[in-house]
Amino acid sequence: MTAASRLVPRDDLAFLLHDWLHVEALTARPRYADHSRETFDAVLDLATTIAAERFAPINRTLDTHEPYVGDDGAVVHPDGLAEALAAYADAGMPAATFDEQYGGMQLPFTVAQAAAAQFSAASIGAVAYPTLALGVANLLVAHGTPEQVATYAQPIIDGRWYGTMCLSEPQAGSSLGDITTRGEVQPDGTYRVFGTKMWISGGDQSLTDNIVHLVLARTAGAAAGVKGISLFVVPKVLVGPDGSPGERNDVALVGLNHKMGYRGTTNTLLNFGEGAHTPGGTAGAVGFLVGEEGRGLSYMFHMMNEARVSVGLGAVALGYTGYRHALEYARTRTQGRPVDAKDPSAPMVPLVEHADVRRMLLAQKSYVEGGLALSLYCARLVDDSLTDPDEAERRRAHELLEMLTPIAKSWPSQWCLAANDLAIQVHGGYGYTRDYAVEQFYRDNRLNPIHEGTHGIQGLDLLGRKVVAGGGAGLALLAETILATTARGREAGGDAEAYAVSLEKALGRLVEVTGILWEGLDPALALANASIYLEAAGHVVVAWIWLEQLLAVSGDSGFARGKRAAAQYFFAFELPKVGPQLDLLASLDRTTLDLDPDDL
């Protein structure tokens, strides 16, 4: 089996992009007018080739030889990483979605995400460096000054620099309202930044000449909580007016965090302004305000939908490659005989001949293919929210994306991790060893339910914000969209009709229980089991996505039969799990609320 065959299959991407989402229709819009199905497919072909030839071969090395700090204080990376990232940059991948004025391809986000899935499946620890940096560049293009875009975003788009998002702090974790890093304004209009940031992926490395840190900090007299947070550009190396490197800024690497997985990407503790370096002869990291004081978190959240959809897609990619590895193993490893076999001397059969192994493989298939379709659907919503010629349709796409984002981030992070767990199980004892790749995929994927907002935070966002905003407009829009699909399912008849009926029942119960949770107007009670709500809503949404795929697939090829089998599995084995979860929520259970923490 080749490296490319262990990535996301091209036939699945082609089906989702062309047969279901009809991305070629985007070329009728001015932004994408220079593209065609041929250019989209060429990008995917190139991404698949680079991922298979340059990224996949180094994935195990990045795991077993994680970066470390050398005697000179510089980060040391394993061989092959810089070369793989250079190939990525040379192919123009960092500039895929950016405007032509920045040297970009103006590629639809949907197609760029499909390409990104191949790199994440090949080596997520390697491709994280440029993908994290793209968030920095996107934010600066949206909210920075022209000078900030030219000085700091353009080198990232060119693939020459990387960047980070410095949000969390040791004492604050995800509670950003409690950060203490401060920015002190200077007579020349710049700021000096002082504080410590924790869990900063890519916070230091030796792969690029500069690192652009986006740092959340408080200014003098700022309001308490999140409303008092501002955003600053703090480069590792200061930049001269002509773009040439200047003094070393006062940003110091305190240490590297040693992680369970994702080891190819450095994760750092950084000190800003400790005096390790003295730019201009003075301690303090030189920073440049982005936008206005006090609006830092709003700028960050402007890019959050795309970032969280991308995290979900990374989880899908890891689950998908794990599934492909398990499928190959189950087809080639012989063990045991059919349960009704009478002759003990008969040849052993491949694992895939056993029903329970097929169950585990089909579960993985339903999770990863459902997760991929959800991720690309949300990516298409990003494109529609930005470029649909109808303003009402742009607004509708944005509102639906807002509603789906917590699910698009958390459902794949939970269930594609479960797929990795099953991939290990299919391998049996061998899956528990480092001789096979599936254990690394699990460890790498375990990060995704944690970063970019934990599973619990996504539950609070969905139930505490998204479903109640605008008097429940987001939930109503989602229900309307799902019911449009079930109407087509009923019309199609057969399995699609039966699935549509089951989905309508689950959706109706979800809407009903949402009302029960909030009818008492008690946030503590309503949100006590928000994670359970997130999981139930996620399964309803993915069941809808599977019905969509079922209605789009045609013919009697092995691919089409596989899609139908995965849809059958999800409606028979997975959607029924939602009923007991919604019953628990409807009971307004107080177990976790009433428990005294001292009794744990």
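Residues are classed as buried when their relative accessible area is under 20%, as exposed when it is over 50%, and as partly exposed in between (1.4 Å probe, protein chains only). The structure is a predicted model, in which local features need pLDDT of at least 70, side-chain atom pairs count only at pLDDT 80 or more, and totals for chains, interfaces and linings use all residues. Residues are numbered from 1 along each chain as its sequence is written, and side-chain values use heavy atoms, with hydrogens and water left out. Helices (H or I, at least four residues) and strands (E, at least two) are DSSP runs numbered from the N terminus.

Two loop residues other than glycine have a positive phi. His22, in the loop between α1 (10-20) and α2 (37-55), has a phi near 50°; with a relative accessibility of 45%, His22 counts as partly exposed. Tyr262 lies in the loop between β10 (251-256) and β11 (267-272) and has a phi of about 55°. At 11% relative accessibility, Tyr262 counts as buried.

A nonpolar core is defined as a set of buried Ala, Val, Leu, Ile, Met, Phe, Trp, Tyr and Cys residues joined through side-chain atoms within 4.5 Å. The largest such core holds 163 residues, and among these Phe55 and Tyr533 touch the most other members. Helix α5 (residues 109-143) supplies the largest share of this core, 20 residues. Apart from it lies another core of 12 residues, including Val193, Ile200, Ala217 and Phe272. With contact taken as heavy atoms within 4.5 Å, and residues up to four places away in sequence not counted, Phe55 touches Ile50, Ala84, Leu85, Tyr88, Phe119, Ala122, Ser123, Ala126 and Val127.

Helix α4 (residues 81-90) packs against α5 at an angle of about 85°, with the axes 10 Å apart. Axes are lines fitted to C-alpha atoms, for helices over the stretch in contact, and angles run from 0 to 180 degrees between N-to-C directions. The two helices are therefore roughly perpendicular, a class that covers 65 to 115 degrees (under 35 is roughly parallel, over 145 roughly antiparallel, and the rest oblique). Leu81, Leu85 and Tyr88 of α4 make the contact with Phe119, Ala126, Val127, Tyr129, Pro130 and Thr131 of α5. In the loop between α4 and α5 is Ala96, which is buried at a relative accessible area of 8%. Ala96 touches Met105, Gln106, Leu107 and Ala112, again leaving out residues up to four places away in sequence. The C-alpha atoms of Ala96 and Pro108, 12 residues apart along the chain, are separated by 8.3 Å.

Helix α9 (residues 355-387) has 27 of its 33 residues buried, so it is largely enclosed by the rest of the structure. Ser385 is placed in α9 and counts as buried at 18% relative accessibility. Beyond residues up to four places away in sequence, Ser385 touches Arg394, Ala397 and His398.

In helix α18 (residues 578-586), the buried residues are Val578, Gln581, Leu582 and Leu585. Seen down the axis of α18, they fall within an arc of 95°, so they line one face of the helix; the arc is that of the directions from the helix axis to the C-beta atoms. The cover over the buried residues of α18 includes α14 (494-518), α16 (530-552) and α17 (558-574). Leu588, which follows α18, has a positive phi near 55°.
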